[in-house]
Structures are given as C-alpha cells and as structure tokens.
Amino acid sequence: MTGADGVSVEQSSRTLNRAPAWVAEAIRSREAESGAALARPPVPGRLRVGHLLYTVVLDNAVINEENTRSQRTLSGYSDSTEQRIALRADLAPDYEAEVVVHEVLHQCLRVAGIDPDADAAAGLKDVEERTVNALAGPLLAALRDNPALIDYLTHQEPR
Ligand SMILES: [Zn+2]
C-alpha cells in the first residue's frame, strides 16, 4: 500500500473546469505585457489536513516519477505517509486549483482512516477516485462563488 492518490489527465479532462493550455499562455502573455503578475496568490507551500501537515511541491520530475511507478498520467498526486502533495508545475491556473482541491479531498479520507486501497480490496472500481473527481470542481466553484460562505465556515471564536 502506498497511500498515494492522483488525478490523471484523462480523468480530469472529463471535468468542466479544465482550462486549456491557451488560457495559461494568455495569462502569462498578459503578465509579460503589463510587467506585473496578476494578483493570484501562489499555491501554499504547506497545507494542514486534519492532524497532518503536508508539503506542497510543484515539480514535474516528482509527477513523472509517480507516473512511471503507477503507470498513469497524473497532474497531481498526494501521499499521507510522505505528507506530500505534488502538482505538475505547468498546469493552467483554474485546473491547478481544482487539482489542489482534488488532492485535499483524497487526504481528508486518509486522515479519516480510509485505506486508499479499500475500493480495490472490496472488488470495486476506484469509487474514491470517481467521487473525488466529481466533487473537486463543484466544491471549488462553490467556494469561489460564495465568499460569505468561506467567512462563515472559517470563523472561529477566540481561544
Ligand atoms: Zn485522485
């Protein structure tokens, strides 16, 4: 058991939020023309999911290594035993955000104690992957479209 979860290019191309490469190129071009980067914050270098603190890396070599190991074509993968979330470094911005949500959803299941191989052990096709694929885009959209919801959900009383 590796504990690794990934989102593949083939699977993600079926989702609605996959931005084509020309979108990323258009953004890069606009940034170069204006001399100023758009105000999109970078992917956080660390993410906490439950009791685990994950390092987030944007590294094609890491993804390519995982592609070789898993015989898949991944845009990202995550591993609770390594406490690492890895993303391709050349993803279009909206798709990159979807992949981050996708991997966080996988890791929510890991910290809840759900075995990544549970579907296979039960003789099921990868239900988790289909479910995470189905949820990532709409969840990202719901968070983006409802900033008041984010304020509400993240509010904590002072300790
Ligand atoms: Zn996945």
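Welcome! In helix 4, the residues A97, E98, V101, H102, L105, H106 and L109 meet E128, V132, N133, L135, A136, G137, L139 and L140 of helix 6. Sorted by class, this contact between helix 4 and helix 6 holds nine nonpolar, four polar and two charged residues. Please keep in mind that the model you are looking at is predicted. The points below start with the helices and then turn to the strands.

**How the two helices meet**

- Two packed helices are described by the angle between their axes and the distance between the axes.
- Helix 4 (residues 93-111) and helix 6 (residues 127-145) pack at an angle of about 130 degrees, and their axes lie 8 Å apart.
- The two helices, helix 4 and helix 6, are therefore oblique to each other.
- The crossing of helix 4 with helix 6 is right-handed.

**Helix 4 by itself**

- Helix 4 is made of 19 residues, and from its first C-alpha to its last it reaches 27 Å, close to the 27 Å expected at 1.5 Å a residue.
- An α-helix has 3.6 residues a turn, so residues three or four places apart point the same way.
- After helix 4 comes G113, which has a positive phi near 90 degrees.

**Strand 2 and strand 3**

- Strand 2 (residues 46-49) pairs with strand 3 in the antiparallel sense, over four bridges.
- R48 has L53 in strand 3 as its bridge partner.
- These two strands form a hairpin with two residues between them, and G50 in the turn takes a positive phi of about 60 degrees.

**Strand 5 and its two neighbours**

- On one side of the pairing list, strand 3 (residues 52-58) runs parallel to strand 5 (residues 84-87), joined by four bridges.
- Strand 4 (residues 74-79) runs antiparallel to strand 5, and four bridges join them.
- Which residue in strand 5 is the bridge partner of T55? That partner is R84, and R84 is also the bridge partner of D79.
- Strand 4 and strand 5 form a hairpin with four residues between the strands, where Q83 has a positive phi near 50 degrees.

Notes:
Residues are numbered from 1 along each chain as its sequence is written. This is a predicted model: local features need pLDDT of at least 70, side-chain atom pairs count only at pLDDT 80 or more; totals for chains, interfaces and linings use all residues. Two strands pair if DSSP finds at least two bridges between them. The expected span of a helix is 1.5 Å times one less than its number of residues. Axes are lines fitted to C-alpha atoms, for helices over the stretch in contact, and angles run from 0 to 180 degrees between N-to-C directions. Angles under 35 degrees count as roughly parallel, over 145 as roughly antiparallel, 65 to 115 as roughly perpendicular and the rest as oblique. A crossing is left-handed if the near helix is turned anticlockwise from the far one by less than a right angle, and right-handed if clockwise. Two residues are in contact if their C-beta atoms, placed from the backbone, lie within 7 Å. Ala, Val, Leu, Ile, Met, Phe, Trp, Tyr, Cys and Pro count as nonpolar, Asp, Glu, Lys and Arg as charged, and the others, Gly among them, as polar.
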